[in-house]
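Here is a brief report on one structure.

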Amino acid sequence: MSVDVRPVTDDDVDAVVDLFRQYLRFYDQEVPDAEARAYLTARRDAGDCVLLIAVVRPEGTEPGSAAEEVVGFTQSYPTWSSVSLSRSWVLNDLFVAPDARGTGAARALVRETCRRAKEAGAIRVSLATAWDNVAAQGLYESEGFVRDQHFHHYAYVTGA
């Protein structure tokens with residue numbers, strides 16, 4: 001299998017919506033297709049996020065062939081760091097379909113996200129993952145991500 005990573009096109013939206021809904025279910029959120037589609041396309045079309053997909057295809061087949069399958073996605077949000085006076089990216093969402101895990105799709109998505117962030121002038125890519133998501137932690141650490149030792153991260157739920 002070969003893994004390619006590229007930005008989401010209009011032709012990819014249905015596959016990404018399915019993966020996004022699986023990702024949300026992992027976090028105990030159930031969202032209708034229409035809402036997931038509206039959210040993803042609005043973020044992408046407004047330039048709020050960088051939305052990438054991982055596509056696998058059998059070795060020897062050409063990119064764009066019918067043998068391609070969208071198996072994962074990342075959604076990152078470019079932002080700013082006041083302390084460093086620089087651009088920063090938040091890798092907010094990463095998901096690979098369960099039957100495609102072990103193909104290298106997650107690693108390829110992480111690497112391409114970091115490459116694009118650097119190319120855009122970001123000094124760092126940050127992320128958060130569940131305490132018990134040991135597989136993801138291992139991937140991130142093997143790609144050079146370092147667990148924050150200086151800050152506790154908090155969230156305030158507004159109820160909006």
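## Cysteines

This is a predicted model. Cys114 counts as partly exposed because its relative accessibility is 25%. Cys49 has 8% relative accessibility, so Cys49 counts as buried.

A search of the whole structure finds zero disulfides. Cys49 is in none, and the nearest cysteine sulfur, that of Cys114, is 16 Å away. A disulfide needs two cysteine sulfur atoms within 2.5 Å. The sulfur of Cys114 has its closest cysteine sulfur in Cys49, at 16 Å, and therefore lies too far away for a bond.

## Second largest pocket

The second largest pocket has a volume of about 150 Å³. Its lining divides into seven nonpolar, two polar and two charged residues.

## Nonpolar core

The largest nonpolar core holds 40 residues. Phe20, Ile53, Phe73 and Tyr140 touch the most other members. H1, H2, S3 and S4 each supply at least two residues of this core. So do strand S2 (50-57), helix H3 (105-119), strand S5 (122-126) and helix H4 (134-142). In soluble globular proteins, nonpolar side chains tend to be buried together.

Leaving out residues up to four places away in sequence, Ile53 touches residues including Val5, Pro7, Val8, Val16, Val70, Phe73 and Leu109. Asp4, Arg6, Asp12 and Gly72 are also among the contacts of Ile53.

Conventions:
Residues are numbered from 1 along each chain as its sequence is written. This is a predicted model: local features need pLDDT of at least 70, side-chain atom pairs count only at pLDDT 80 or more; totals for chains, interfaces and linings use all residues. Side-chain values use heavy atoms; hydrogens and water are left out. Buried means under 20% relative accessible area, exposed over 50%, partly exposed in between (1.4 Å probe, protein chains only). On a 1 Å grid over the protein atoms alone, a cavity is a set of points where a 1.4 Å probe fits but cannot get out, and a pocket is an open set with protein on both sides within 12 Å along at least five of seven lines; lining residues have an atom within 4 Å of a point. Grid points are joined across faces, edges and corners, and a volume is the space filled by probe spheres set on the points. Ala, Val, Leu, Ile, Met, Phe, Trp, Tyr, Cys and Pro count as nonpolar, Asp, Glu, Lys and Arg as charged, and the others, Gly among them, as polar. A nonpolar core is a set of buried Ala, Val, Leu, Ile, Met, Phe, Trp, Tyr and Cys residues joined through side-chain atoms within 4.5 Å. Helices (H or I, at least four residues) and strands (E, at least two) are DSSP runs, numbered from the N terminus. Contact means heavy atoms within 4.5 Å.
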